[in-house]
Amino acid sequence: MALNKPDIICGTSTGALAGALYASNNLKMLETFVSGMDKRGILRYVDINLLARGGFIEGKRLMDFFSEPIGDINIEDLPIPFSAVATDLTTGHEVWLREGSLTDAIRASIALPGLFTPVKLGGKWLVDGGLVNPVPISLCRALGTEIVIAVNLNGSIAGKHMQKKTGMVMSLKKMRGKKLL
């Protein structure tokens, strides 16, 4: 049974990396990279710069690694339409990266403040899109997508928060009708 390819791929942070690799027909490379990774392997791709502003990892080694199979391709030249989300560091607004260098868009979208240095694109300092839109369903919809399949890597954080609330509600329901001192 052949699987249908998506009409569009949008990603934020690590989702931008995975989505870009899928859109450029390089997803298998990500699987190989991740499955063979250990602590020493991770350190090979970390280029620490303690004097850098906004983060201590430049991200050049990591992006050089992912650039190798992708090549110097622009987003608009991908076989599957792709967009990444970043955050404008100055305004805090969401930025949709829909054209230009694919690797620059990935790098901007994964630039977690304090960890990765910000990226200057189009005259704006950009950081991780997950700060404003961790699951870019709104971007998919704006681009005309009717059916969206989304993955939220922060789901466990929201899940824990909801479990606490649910537990408190359940406790209140149990107490209802009982006399309190």
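Hi everyone, let's start with leucine 131, which sits in the loop between strand E5 (124-128) and helix H6 (137-142). Please keep in mind that this is a predicted model.

Now for the helices. Helix H4, residues 60-70, packs with helix H5, residues 102-109, at an angle of about 145°, and their axes are 10 Å apart. The crossing of H4 past H5 is right-handed. On the H4 side, the contact involves Met63, Ser67 and Ile70, while H5 brings in Leu102, Thr103, Ile106 and Arg107.

Last topic, charges. Side chains of opposite charge can pair when their charged atoms come close. How many salt bridges turn up in a search of the whole structure? The search finds 1. Its partners are lysine 28 and glutamate 31, whose side chains meet at 3.5 Å, N to O. The two are separated by about one helical turn, because lysine 28 and glutamate 31 are 3 residues apart in helix H2, residues 27-35.

Key: Residues are numbered from 1 along each chain as its sequence is written. This is a predicted model: local features need pLDDT of at least 70, side-chain atom pairs count only at pLDDT 80 or more; totals for chains, interfaces and linings use all residues. Side-chain values use heavy atoms; hydrogens and water are left out. Axes are lines fitted to C-alpha atoms, for helices over the stretch in contact, and angles run from 0 to 180 degrees between N-to-C directions. Helices (H or I, at least four residues) and strands (E, at least two) are DSSP runs, numbered from the N terminus. A crossing is left-handed if the near helix is turned anticlockwise from the far one by less than a right angle, and right-handed if clockwise. Contact means heavy atoms within 4.5 Å. A salt bridge is a side-chain nitrogen of Lys or Arg within 4 Å of a carboxyl oxygen of Asp or Glu.
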